[in-house]
Amino acid sequence: HHYDEESGIVEDPTPLSETWAAMEELVNEGLVKHIGVSNMGTSLIRDLWSYAKIKPAALQVEIHPYHTQPLLVRFC
């Protein structure tokens, strides 16, 4: 998504594979040490693994006593 002064928020979908490749390039250029993901479920992580040259170093998700996400935690 991006913001346009005239029409507001514009839908501009970018495939996750392109975004991940750009993040991997940051690692290759030495600009960042590690890359990770946030708020992804197991199916999206499996998809990412199918093309990622650099695997995610971290997964940031909401976990607390009322939202434990046991399947996701076990998967990770």
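Modeller: Start with one residue. At 60% relative accessibility, Asn39 counts as exposed, because the cut-off for exposed is over 50%. Keep in mind that this is a predicted model.

Colleague: Where does Asn39 lie, and what is its phi?

Modeller: Asn39 sits in the loop between strand E3 (37–38) and helix H2 (42–51). Its phi is near 55 degrees, a positive value in a residue other than glycine.

Colleague: Is Gln69 buried, partly exposed or exposed?

Modeller: Buried means under 20% relative accessible area, and partly exposed lies between that and the exposed cut-off. Gln69 has 23%, so it counts as partly exposed. Its phi is positive too, about 50 degrees, although Gln69 is not a glycine. Look for it in the loop between strand E4 (59–60) and helix H3 (70–75).

Colleague: Now the fold. Which pattern does the chain follow?

Modeller: List the elements in sequence order. Here that gives β-β-α-β-α-β-α, with 3 helices and 4 strands in the chain.

Colleague: How does the radius of gyration of the chain stand against that of a compact globule?

Modeller: Set the value beside the globule rule. For 76 residues the rule gives a radius near 11 Å, but the chain has 15 Å. The C-alpha trace spans about 45 × 35 × 20 Å along its principal axes. Of the 76 residues, 14% count as buried.

Notes:
Residues are numbered from 1 along each chain as its sequence is written. This is a predicted model: local features need pLDDT of at least 70, side-chain atom pairs count only at pLDDT 80 or more; totals for chains, interfaces and linings use all residues. Side-chain values use heavy atoms; hydrogens and water are left out. Helices (H or I, at least four residues) and strands (E, at least two) are DSSP runs, numbered from the N terminus. The radius of gyration is taken over C-alpha atoms; the globule rule is 2.2 Å times the number of residues to the power 0.38. Buried means under 20% relative accessible area, exposed over 50%, partly exposed in between (1.4 Å probe, protein chains only).
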